[in-house]
Amino acid sequence: MNQGYGTAKIVLLVNFKLRPPWSDGIKVFTKGLFDSIVSAVGSANVTINSLDTITEKDDYDYAHIVTVDKYRAAPRLLLNIGKALKHTILFKHIVTPANKVSTAVNTNLFYKTVDVLYGSKLVKCFSSEYTAHSYHMQNKFIIPPPIDTEYFRAHQEDWDKLFSILRATDTKRWVNNIKNSDGGLLLYSGPLSEDRFPYKYVLDAVKHAKCQILVVGRFWRQLNNGDTSYVNDTVNYAREIGIENKVSIVARTLSEDEKITLMNCADAIIQPFDNKLKKIAVDPPIFMLESMACGKPVITSKVNSFKSVIRSGYNGYTVDWSEPEQINGAFSDCLNNSSIGTNARNTILQDFSINAVAKKLRGMYDEFS
């Protein structure tokens, strides 16, 4: 074992292609993790490799492992890695909370088995305390999603670029409504599903506010390409309650550069997660953290780890989406109190930036050097 992390040989092991587009939360987490490892120890001794190509000939001090749940072979691959890298400390990153009891129980049992086989050489790292607790596990090492705060930061509003992005898709409704906005702009970006965007609650709140809302959503992978039923349901409800002049909807996947453009044109970001979340890629959500890095207050729900990141009235708000008055009060405060956006960015700089996560990694390496 190395005598200090500064000269450690470190490998990041994945079972997916770590390359653009950066539209998947786990891929984005992993890219930030790699940047943080490099920041922690320098680039000379850090490499990326595939889980299934590691052999006993490989020699590393530390291995960071990030896997995607859809790969059924991931547990078997993890066991093989432990056998091949006999003298390597393995950091397994668990970033997706358990969404049902069976998942929590099976995952807990799996890691108890692995602990028996490999003992202290396998170290579980969680993206949040909530993620650890969802599996009924101890949360000694928290490595949150690292955010590139040099890239995600406040920029000058570029409305021409915004409209160019919104119009470059076949599925769009009422895009020109944004031009008529004089009461502030709310932005939602994420999956178009009931648990991630409960449109009735959100639109009921918008009805009683002066603001416009821009919804830039994407469909879950299992939906048929071009399935616009959720967009149509949202449009029909906006018409039903008479606010079609306050709503703009586009269905598309955004690049990182496009996300930054949208964030910087918005006055506040909403992440209206339902209390019964069916799926979340990474906790805390990366889009929420990226928005805060851009100095944008986030209005979100009282679920998962969100209350530990968002302090209502300080760097954003957690609200009950069935209470329109709460939402409108939160948005009004975010619009009129610039310090909330400033505090949002400071939160990311302090706890979620590449440098902040690199410091956490160095502390973790110190325990095993």
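Let's start with the six-stranded sheet. This open sheet runs β2-β1-β3-β4-β5-β6, and its pairing is parallel. Its edge strands, β2 (46-50) and β6, each pair on one side only. Strands here are DSSP runs of E with at least two residues, helices are runs of H or I with at least four, and both are numbered from the N terminus. Two strands pair if DSSP finds at least two bridges between them.

A word on the source. This is a predicted model, where local features need pLDDT of at least 70, side-chain atom pairs count only at pLDDT 80 or more, and totals for chains, interfaces and linings use all residues. Residues are numbered from 1 along each chain as its sequence is written, and side-chain values use heavy atoms, with hydrogens and water left out.

Now confidence. pLDDT is the predictor's confidence in each residue, from 0 to 100. The protein chain averages 89, and 94% of the residues score at least 70. Residues 220-226 fall below 50; beyond near neighbours in sequence, that stretch has five contacts in the model. A contact means heavy atoms within 4.5 Å. Where pLDDT is low, the predicted coordinates should not be read in detail.

Back to the parallel sheet. Strand β1 (residues 10-14) pairs with β3 in the parallel sense, over five bridges. Leu-13 stands opposite Ile-65 in β3. β4 and β5 also pair in the parallel sense over five bridges. The partner of Phe-91 in β5 is Val-123.

How many residues of strand β5 are buried? Five of the five, in residues 122-126, so the strand is largely enclosed by the rest of the structure. Buried means under 20% relative accessible area, exposed means over 50%, and partly exposed lies in between (1.4 Å probe, protein chains only). In a regular strand the side chains alternate between the two faces of the sheet. In β5, Leu-122, Lys-124 and Phe-126 point one way, while Val-123 and Cys-125 point the other way. All of these are buried, the lysine included.

Next, the aromatics. A search of the whole structure finds 11 aromatic pairs. Rings of Phe, Tyr and Trp (its six-membered ring) pair if their centres lie within 6.5 Å; planes under 30 degrees apart are stacked, over 60 edge-to-face, and the rest tilted. Tyr-62 and Phe-91 make a tilted pair, at 5.7 Å centre to centre with 40° between the planes. Tyr-62 sits in strand β3 (residues 62-66) and Phe-91 in strand β4 (residues 89-94), so this pair ties together parts that are 29 residues apart in sequence. Tyr-62 is buried at 0% relative accessible area. Phe-91 is buried too, at 0%.

A second pair is Phe-141 with Phe-368. The centres are 6.0 Å apart and the planes lie at 45°, so this pair is tilted. It links distant parts of the chain: Phe-141 is in strand β6 (residues 141-142), Phe-368 is in helix α13 (residues 354-368), and they are 227 residues apart. Ring pairs join Tyr-62, Phe-91, Phe-141, Tyr-365 and Phe-368 into one cluster.

Now the other sheet. Seven strands form an open sheet in the order β7-β10-β9-β8-β11-β12-β13, and the pairing is mixed. At the edges are β7 (172-173) and β13 (316-319), each pairing on one side only. β9 and strand β10 (residues 247-251) pair in the parallel sense over five bridges. Val-216 has Val-250 in β10 as its bridge partner.

Look at Gln-212. This residue lies in strand β9 (residues 212-218). Gln-212 is buried, at 6% relative accessible area. A polar atom of the Gln-212 side chain lies 3.2 Å from the backbone oxygen of Asn-245.

Last, helix α8 (residues 256-265). Among the buried ones are Glu-256, Glu-258 and Lys-259. The buried residues of α8 pack against α1 (25-41), α5 (159-167), β8 (185-191), β9, β11 (268-271) and α9 (286-293).

Definitions and conventions. A polar contact is a pair of N or O atoms within 3.5 Å; within protein, one must be able to donate a hydrogen and the other to accept it, and residues adjacent in sequence count only if both atoms are side-chain atoms.
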